[in-house]
Amino acid sequence: MTRQFFVGGNFKMNGSEKAITTIVDNLNKADLPKNVEVVLCPPYPYLAQVVAQNKQSTVKVGAQNCYCKASGAYTGEVSPDFLKDLGVDFVILGHSERRTIFHESDELVADKVKFALEKGLKVMLCIGETIDEKKAGKTLSVCQRELKAVVQKVKDWSNIVVAYEPIWAIGTGLTAKAEDAEEIHADIRKYLSTVIGKQAESVRILYGGSANGSNAPTFKGKTNVDGFLVGGASLKPEFADIIKSRQ
Ligand code: PEP
């Protein structure tokens with residue numbers, strides 16, 4: 001089974017109109033491979049700007065979050081309908097920063113995934129363990145728990161990309177070894193096949209956690225690592241190197 005290589009850029013709460021224009025301009029000028037799906041996820045206020053400035057047909061735009069209601073008295077929240085209106089295709093849900101800092105439960109994340117899919121968005125669903133959970137040998141059980149919450153609410157996984165992002169690797173400069181990531185990704189896929197069946201073969205599983213232009217090529221040949229979700233390095237010119245890392 002060949003799965004299209006996928007690279008997401010999560011700008012987190014970084015950027016400005018000028019800085020984001022520079023990032024998009026650089027990508028517009030880059031000779032990007034046509035067989036890689038790329039998704040840029042700027043903060044909400046810059047989504048429309050990125051949709052308008054992007055000239056690359058393989059580059060799509062994603063939001064970093066959205067709520068599980070269409071409209072109403074939910075001050076400060078963003079509806080998937082608003083994102084669709086802006087020409088946004090993807091949304092990141094369940095990022096560890098949402099789960100830990102904003103206390104999003106597995107159940108809320110699952111509700112958001114279900115609703116975003118119903119509204120026509122594609123989802124990058126983030127899962128992953130803390131350092132203490134890793135040390136306690138709970139990596140897979142944590143990933144399974146986070147996935148199970150979504151499995152219970154969503155039957156069709158064709159518009160979900162899973163991002164395995166060990167929390168100890170996010171923004172820390174510590175990257176999982178490619179061999180270790182491959183093993184965990186294979187285990188995640190095996191688990192998915194027990195709960196969603198054959199669809200699991202086509203679900204892309206990205207690695208996220210201090211991926212950069214230098215370490216991305218070390219994941220080449222890891223058949224269950226279908227791409228990267230990139231934080232810090234997505235703000236830098238090396239993001240294009242990550243996109244090209246499978247060529
Ligand atoms: C992320 O925020 O999803 C991420 C992987 O961040 P970083 O690449 O900076 O570790």
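**Briefing on a predicted model**

Lys 12 sits in the loop that joins strand S1 (5-10) to helix H1 (17-29), where helices (H or I, at least four residues) and strands (E, at least two) are DSSP runs numbered from the N terminus. This is a predicted model, in which local features need pLDDT of at least 70 and side-chain atom pairs count only at pLDDT 80 or more, while totals for chains, interfaces and linings use all residues. Residues are numbered from 1 along each chain as its sequence is written.

**Loop residues with positive phi**

- Most residues other than glycine have a negative phi.
- Lys 12 has a positive phi, near 55 degrees, and counts as partly exposed because it has 19 C-beta neighbours inside 10 Å; a residue is buried with 20 or more other C-beta atoms within 10 Å of its own, exposed with 12 or fewer, and partly exposed in between, the C-beta atoms being placed from the backbone.
- Ser 210, in the loop between strand S7 (205-208) and strand S8 (227-230), also has a positive phi near 55 degrees, and Ser 210 is buried, with 20 other C-beta atoms within 10 Å.

**Helix H7**

- Helix H7 (residues 139-151) has 13 residues and reaches 18 Å from its first C-alpha to its last, close to the 18 Å expected at 1.5 Å a residue, the expected span being 1.5 Å times one less than the number of residues.
- Thr 139, Cys 143, Glu 146, Leu 147, Ala 149 and Val 150 are the buried residues of H7.
- Seen down the axis of H7, these buried residues fall within an arc of 150 degrees, so they line one face of the helix; the arc is that of the directions from the helix axis to the C-beta atoms.
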